[in-house]
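This briefing covers one protein chain, from its overall make-up down to single side chains. Please look over the sequence and the model before reading on.

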Amino acid sequence: MAAMFVVVLLAIASTCQGAPRARREAIGGKLDKSFDLLGLHMGLKYKDPAQPLKGGKLHLAIDDLKAYFKQAHSNKVALDIDFEGELIGVSGIFALLPLFKIVVHYSMVHSDGDGEEKGELMVERKITGKNV
């Protein structure tokens with residue numbers, strides 16, 4: 001039993017850390033963090049790794065969503081998320097105000113023959129006017 005546990009741990013560790021370099025870079029260039037396991041691929045690249053709130057890019061791909069959720073309408077799912085953020089001080093307030101912009105590009109291949117669905121979602125928090 002202990003030997004099987006060690007084998008499973010080694011398999012997971014080799015999958016996460018030993019994925020081919022070409023596969024990691026194909027997701028989004030040289031990444032700060034990456035994860036590849038059982039058809040789930042994630043890559044994260046910060047604009048500035050020392051200050052992650054400044055933004056970055058996240059790529060998430062699932063090869064077969066039906067393997068995780070039996071009632072899923074899609075097989076392949078891909079998300080590309082761009083995040084830009086900053087903290088600013090507002091006059092008269094003793095706090096920092098987080099401003100951000102998140103853009104999500106998604107692609108889903110439907111398993112029932114409906115084809116491929118693509119789209120984009122943007123969420124933004126910004127200040128307009130002269131009250132800053």
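Which side chain meets D82 in a salt bridge? The partner is K57, at 3.9 Å from N to O; a salt bridge here is a side-chain nitrogen of Lys or Arg within 4 Å of a carboxyl oxygen of Asp or Glu. The model is predicted: local features need pLDDT of at least 70, side-chain atom pairs count only at pLDDT 80 or more, and totals for chains, interfaces and linings use all residues. Residues are numbered from 1 along each chain as its sequence is written, and side-chain values use heavy atoms, with hydrogens and water left out.

**Overall make-up**
- The protein has two helices and six strands, in the order α-α-β-β-β-β-β-β along the sequence. Helices (H or I, at least four residues) and strands (E, at least two) are DSSP runs, numbered from the N terminus.
- Of its 132 residues, 20% count as buried. Buried means under 20% relative accessible area, exposed over 50%, and partly exposed in between (1.4 Å probe, protein chains only).
- The accessible surface comes to about 9,500 Å², with 62% belonging to carbon and sulfur atoms. Areas come from the Shrake-Rupley method with a 1.4 Å probe, and for residues only the protein chains shown count as cover.
- Among contacts (heavy atoms within 4.5 Å) between residues at least 6 apart in sequence, 30% join residues at least 24 apart.

**The salt bridge**
- The count of salt bridges by this rule is one.
- D82 lies in strand β4 and K57 in strand β3 (residues 55-62), so the pair ties together parts that are 25 residues apart in sequence.
- D82 is partly exposed at 27% relative accessibility, while K57 is exposed at 52%.

**Other sites in strand β4**
- S74 belongs to strand β4 (residues 74-89) and is buried, at 4% relative accessibility.
- The side chains of S74 and H110 form a polar contact of 3.1 Å. Such a contact is a pair of N or O atoms within 3.5 Å; within protein, one must be able to donate a hydrogen and the other to accept it, and residues adjacent in sequence count only if both atoms are side-chain atoms.
- Leaving aside residues up to four places away in sequence, S74 touches L65, K66, M108, V109, H110 and S111.
- L87, also in strand β4, is partly exposed at 47%. Its C-alpha is 6.2 Å from that of L99, twelve residues apart in sequence.

**An exposed loop residue**
- L38 sits in the loop between β1 (33-37) and β2 (40-46) and is exposed, with a relative accessible area of 72%.
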